[in-house]
Amino acid sequence: MPTTVLWLRRDLRLADHPALVEAHRAAGAGGEVVPLFCLDERLWGPAGANRRAFLVSCLRALDESIGRHLIVRTGDPLEVVAAVAAEVGATQVFAEWDFGPYGNERDEAVSRALEQRGRALVRAGSPYAVEPGAVLNGSGQPYKVFTPFSKAWLAHGWPSSIKAPAAVRWASGLATDELPEVAATATTLPEPGEAAAKRVARRFFDTDLAGYDEQRNAPGLDATSRLSPYLKWGCIHPRQLLQELGSSQAERTFRSELCWREFYADVLHHRPETVRHAFNPAMAAMEVDHRGTDGVFEAWCQGRTGYPIVDAGMRQLVGEGWVHNRVRMLTASFLVKDLHLDWTRGARFFMKHLVDGDLASNQHGWQWVAGTGTDASPYFRIFNPVTQGERFDRGGTYVRRWVPELAAVNDKYVHHPWDDPAGAPTAYPAPIVDHAEEREESLRRYAAVRGR
DNA sequence: TTTTGAGTTGTTCGA
DNA sequence: GTCGAACAACTCAAA
């Protein structure tokens, strides 16, 4: 009676799960599958309380859905995976491909370790519709610009979604570690698990998708899909979303957002060093400040910059572990262009708090704003937090939700309370920098790099 | 090889 | 208030 191991990582679901299908098939009619999650300190440590708490909740949800057969082991996967395989006499361990810099090396090492013991790591599927590395340009090189990538990505296509295999026999009687209790720092987290992911997706398709093209830009409307935390842990696969999409403008726009996730995964796959270093090395010469004692970085982290939409965004990040994408751009732009700090400092703070924190999307989203990345925003594109607030949060619904000090400020001044003739709220900080001045400073620094 | 068209998300200024 | 132009120059990707 053969037993196989299904090593779960970012694929905490049963539907549309190629590695599960393969593990089930290899086990055969009478065989059992061991669903294993390895709590790896290398990933657990840096995850931040919100992402850890959401992960644990998703693991509990998965455990419930398979009759409490999930096996959790804490430790180095190099030892854990081989030990579990030996324990149950499995010759094959199934897992989906991981294209992250750490995950890729880890899997190669685990694969070698298993081979030395006469076993094999079999990989099937990935967290993406199109596997990173699968799309190349006419010269056989990876794409560096989104639009041509997206065309090739669409032309490449992806397989249809597959159903969860029926009647998987999950192995029982194995020792398992207790999942740790994790207290999130955010006040609320999304509902965990595969069923919740499907509900959220269904609600999005039935309500907000129709107006997505326009309304997704307004943080006060909260009309985005809210699917990023589920995509992060694979509670739902992007294929399951893509297959619902037709050709309306709104559907094309949402498909394009999913493609951005795949583009950045592809970029990181080809250039793993861009987790920390500029994708465009020429831009690494840009002068950055290394502030530590004047408190501007802390003011940014705490949402006390005096710019309402920046502060609302940072307070949402800490309070909710999630931020509307436009506001991610605005807060990032403020750190880089107004405070002249290194983008990696901001990216690290985001990763600490985001419940959906994905290394590829986060680092390259930051690089785009900072001007160091793929398809980088032109140097003269510097977000004005007041103009952006008035354009996308007219009336201040969003900023008032997160910055209660602004509750009584007239709509007209809610994005620049310092101009209010009635006086700015005393509890709210004055702007820590002058945007117009710092914009000029950023343009000067860019010119200095360009002139080299 | 050369050429050509295009490139997520913006701001400011002046008419 | 609205609109178009300027903001530079470069790289990418495909023909």
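Predicted model: local features only at pLDDT ≥ 70, side-chain atom pairs only at ≥ 80, totals over all residues.
Let me begin with the core. The largest nonpolar core holds 101 residues, and those that touch the most other members are Val5, Leu6, Trp7, Val34, Leu36 and Val93. The element that gives the most to this core is helix H11, residues 249-270, with eight residues.

Turning to helix H1, which spans residues 18-27, the buried positions are Ala19, Leu20, Glu22, Ala23, His24 and Ala27. These buried residues pack against four strands, namely S1 (3-8), S2 (32-39), S4 (92-95) and S5 (120-123). Just after H1 comes Gly28, whose phi is positive, at about 80°.

Two of those strands, S4 and S5, run parallel and are joined by four bridges, with Gln92 standing opposite Ala120 in S5. Between S4 and S5 the chain passes through helix H5, residues 101-116, in a β-α-β crossover that is right-handed.

Finally, which residues are around DNA strand C? They are Asn137, Gly138, Gln141, Tyr143, Lys144, Val145, Pro148 and Ala152, together with Pro378, Tyr379 and Phe380. By type, the residues of this surface near DNA strand C divide into seven nonpolar, three polar and one charged.

How values were computed
Residues numbered from 1 in each chain as written. Chains lettered and ligands numbered in written order. Core = buried A, V, L, I, M, F, W, Y, C linked by C-beta atoms within 7 Å. Buried ≥ 20, exposed ≤ 12 C-beta atoms within 10 Å, placed from the backbone. Helix = DSSP H or I, 4+ residues; strand = E, 2+ residues; numbered from the N terminus. Contact = placed C-beta atoms within 7 Å. Near = placed C-beta within 6 Å. Nonpolar A, V, L, I, M, F, W, Y, C, P; charged D, E, K, R; others polar. Pairing = 2+ DSSP bridges. Right-handed = clockwise from strand over helix to strand, strands pointing away.
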